[in-house]
Amino acid sequence: MFKLDKRLESDTILVKELKSFQVRLMNAKEFFWIVLIPNKPNLIELSDLNIIERNYLMNFAIDLGNFIKSSEKYDKVNIGMLGNVVSQLHLHVVLRNKQDAAWPGPVWGWGATTQLDQETKQTRSKLIIKYTEQP
């Protein structure tokens, strides 16, 4: 049975539950930061997914990032996986602007972030949902 890692649960907000993974927002106002978490138990490595699941997850991340980048005029889409602190398989999609607080460095370890306010959370969630509901 799938169980979300406690740190992922506390650091993120569920936006949408899809058939094979959750789409969540990192609770950080400074960055438009999405976390995709496959909903199968005991996944650690990307290779733990079968090739169809892996391709779907990666293509979803790329296409979602490009959709938001073009909709909101971001400069760059960063897609990454570390898993050194939280071993449960999850994929980060971070939209970046040259003016963001951490540019050009990574968002990981940047410093203290501010929690999402209601307006920012709604705006970002609506964009994600709009992408997921496209034909």
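The points below take the basis of the model, then the sheet and its helices, the aromatic pairs, the salt bridges and some local details.

1. Basis. This is a predicted model, in which local features need pLDDT of at least 70 and side-chain atom pairs count only at pLDDT 80 or more, while totals for chains, interfaces and linings use all residues. Residues are numbered from 1 along each chain as its sequence is written, and side-chain values use heavy atoms, with hydrogens and water left out.

2. The sheet. Five strands make up an open sheet, in the order β1-β2-β3-β5-β4, with antiparallel pairing. Helices (H or I, at least four residues) and strands (E, at least two) are DSSP runs numbered from the N terminus, and two strands pair if DSSP finds at least two bridges between them. The edge positions are taken by β1 (12-17) and β4, each of which has a single partner strand, so one side of each is left without a neighbour in the sheet. From one strand to the next the twist averages 25°; axes here are lines fitted to C-alpha atoms, for helices over the stretch in contact, and angles run from 0 to 180 degrees between N-to-C directions. Between β4 and β5, which run antiparallel, there are five bridges, and V77 has L95 in β5 as its bridge partner.

3. Helices on the sheet. Helix α2 (residues 51-72) lies across β2, β3, β4 and β5, and runs at about 15° to β5. Helix α3 also packs on the sheet, where it touches β1, β2 and β3, and its direction makes about 30° with that of β1. Contact means heavy atoms within 4.5 Å.

4. Aromatic pairs. Nine aromatic pairs are found in a search of the whole structure. For such a pair, rings of Phe, Tyr and Trp (its six-membered ring) have centres within 6.5 Å, and planes under 30 degrees apart count as stacked, over 60 as edge-to-face and the rest as tilted. F31 and W33 are paired edge-to-face, at 6.4 Å centre to centre and with 75° between the planes, and both F31 and W33 are buried. Accessibility is classed as buried under 20% relative accessible area, exposed over 50% and partly exposed in between (1.4 Å probe, protein chains only). F31 also forms an edge-to-face pair with W110, at 5.5 Å centre to centre and with 90° between the planes. This second pair links distant parts of the chain, since F31 is in the loop between β2 (21-26) and β3 (32-38) and W110 is in the loop between β5 (91-96) and α3 (118-132), 79 residues apart. F31 counts as buried because its relative accessibility is 1%, whereas W110, at 33%, is partly exposed. Elsewhere, F21, Y56, F60, F67 and Y131 form one aromatic cluster.

5. Salt bridges. The structure holds five salt bridges, a salt bridge being a side-chain nitrogen of Lys or Arg within 4 Å of a carboxyl oxygen of Asp or Glu. One of them joins the side chains of E133 and K16 (3.6 Å, N to O); E133 lies in the segment after α3 and K16 in strand β1, so this pair ties together parts that are 117 residues apart in sequence. Another joins D117 and K29 (2.6 Å, N to O), where D117 lies in the loop between β5 and α3 and K29 in the loop between β2 and β3, so that parts 88 residues apart in sequence are tied together. E53 and K40 also meet in a salt bridge (3.0 Å, N to O), with E53 in helix α2 and K40 in the loop between β3 and α2, 13 residues apart.

6. A buried loop residue. Q88 is placed in the loop between β4 (76-80) and β5, and it counts as buried because its relative accessible area is 12%. Apart from neighbours within four places in sequence, Q88 is in contact with F2, K3, L4, D5, L8, I37 and L43.

7. Backbone details to check. W103 and P104 are joined by a cis peptide bond, with omega about 0°, and P104 is in the loop between β5 and α3. N42, a residue other than glycine, has a positive phi near 65°; N42 is found in the loop between β3 and α2 and is exposed, with a relative accessible area of 73%. K73, likewise not a glycine, has a positive phi of about 60°, lies in the loop between α2 and β4, and counts as exposed at 66% relative accessibility.
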